[in-house]
Amino acid sequence: MVFQTPTESFDPRHTLGDGVGESLRNFGHSQSAVREQVAQLLQQCGLPPEFAKRYPHQVSGGQCQRAAIARAIAIKPRLLICDEATSALDVTIQTEILALLSDLRRELNLSILFICHDIALVQQFCDWVLVMYKGSIVEEGIPDEVIRNPQNDYTKRLIESIL
């Protein structure tokens with residue numbers, strides 16, 4: 001899982017390396033193996049291995065989100081859940097994080113559940129969209145089709161509100 005506010009998703013008393021390596025330690029990996037894997041994961045997510053020694057408050061929001069993504073892929077999941085993972089970031093960093101997620105999706109054969117209120121990001125990033133209202137799916141389809149030709153009244157109001 002990758003959360004909306006990356007800095008808050010890490011324990012402020014622990015380094016990013018501790019956070020990224022937590023699941024690996026929980027699965028019984030040795031300390032040396034964890035250090036090596038954390039360095040590789042950080043690099044895979046566009047951060048130098050030295051970032052493992054930094055604390056969440058010592059890095060930018062985008063850098064912290066990269067570390068959060070490294071933490072999320074540490075145990076090689078098939079599904080990555082991104083809950084508003086780009087909403088707390090500026091537009092330039094959003095684009096970089098979406099590019100990273102796209103690369104990881106391809107490289108790791110990941111499925112990504114991308115929860116987002118930003119219709120433009122959904123249209124740009126997602127292959128399939130589900131529109132939910134009060135906990136129920138009210139519409140689904142290819143993003144361009146749903147956005148250009150919404151069938152459900154809620155979807156219509158949602159799209160009209162951003163135009």
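Student: In this predicted model, at what angle do α4 and helix α5 pack?

Tutor: The model is a predicted one. Helix α5 covers residues 91–108, and its axis lies 10 Å from that of α4. The two helices pack at an angle of about 20°.

Student: Are α4 and α5 roughly parallel or roughly antiparallel to each other?

Tutor: The angle between α4 and α5 is about 20°. Angles under 35 degrees count as roughly parallel, and those over 145 as roughly antiparallel. α4 and α5 are therefore roughly parallel.

Student: How many residues of the contact of α4 with α5 are nonpolar?

Tutor: Two residues of this contact are charged and two are polar. The nonpolar residues number eight.

Student: At what angle do helix α3 and helix α4 pack?

Tutor: Helix α3 spans residues 31–44 and helix α4 spans residues 61–73. Their axes are 9 Å apart. The angle at which they pack is about 125°.

Student: What word describes the position of α3 relative to α4?

Tutor: The angle between α3 and α4 is about 125°. This angle makes α3, relative to α4, oblique.

Student: Which residues of α4 make the contact with α3?

Tutor: The crossing of α3 and α4 is right-handed. On the α3 side, the contact is made by Leu41, Leu42 and Gln44. By class, the contact has five nonpolar residues, one polar residue and no charged ones. The residues of α4 are Ala67, Ala70 and Ile73.

Student: How do α2 and α3 lie, and within what distance do their axes come?

Tutor: The axes of α2 and α3 cross at roughly 125°. The two helices are therefore oblique to each other, and α2 passes α3 in a right-handed crossing. Their axes come within 9 Å.

Student: Which residues in α3 are met by α2?

Tutor: The contact of α2 with α3 divides into six nonpolar residues, four polar and one charged. From α2, Gly17, Val20, Gly21, Leu24 and Arg25 take part. The residues they meet in α3 are Gln31, Val34, Gln37, Val38, Leu41 and Leu42.

Student: Which element gives the largest share of the lining of the second largest pocket?

Tutor: About 190 Å³ of space lies in this pocket. Among the residues that line the second largest pocket are Thr15, Asp18, Arg35, Pro49 and Lys53. Both α2 and α3 supply at least two residues of the lining. The largest share, five residues, comes from α3.

Student: How many charged residues are in the lining of the second largest pocket?

Tutor: By class, five residues of this lining are nonpolar and three are polar. The charged residues number four.

Student: Which residues lie nearest the centre of the largest pocket?

Tutor: The largest pocket holds about 620 Å³ of space, and 23 residues line it. The elements giving two or more residues to its lining are β2, α6, β3, α7 and α8. By class, the lining has 19 nonpolar, two polar and two charged residues. Nearest the centre lie Phe114, Ile115, Cys116, Val129 and Leu130.

Student: How many helices and strands are in the protein chain?

Tutor: From the N terminus on, the elements run α-α-α-α-β-α-β-α-β-β-α-α. Along its principal axes, the C-alpha trace of the chain spans about 55 × 30 × 25 Å. The protein chain has eight helices and four strands.

Notes. Residues numbered from 1 in each chain as written. Predicted model: local features only at pLDDT ≥ 70, side-chain atom pairs only at ≥ 80, totals over all residues. Heavy atoms only, no water. Axes fitted to C-alpha atoms, helices over the stretch in contact; angles between N-to-C directions. Parallel < 35°, antiparallel > 145°, perpendicular 65-115°, else oblique. Left-handed = near helix turned anticlockwise from the far one by under 90°. Contact = heavy atoms within 4.5 Å. Nonpolar A, V, L, I, M, F, W, Y, C, P; charged D, E, K, R; others polar. 1 Å grid on protein atoms, 1.4 Å probe; cavity = no way out; pocket = protein on both sides within 12 Å on 5 of 7 lines; lining within 4 Å. Points joined across faces, edges and corners; volume = space filled by probe spheres on them.
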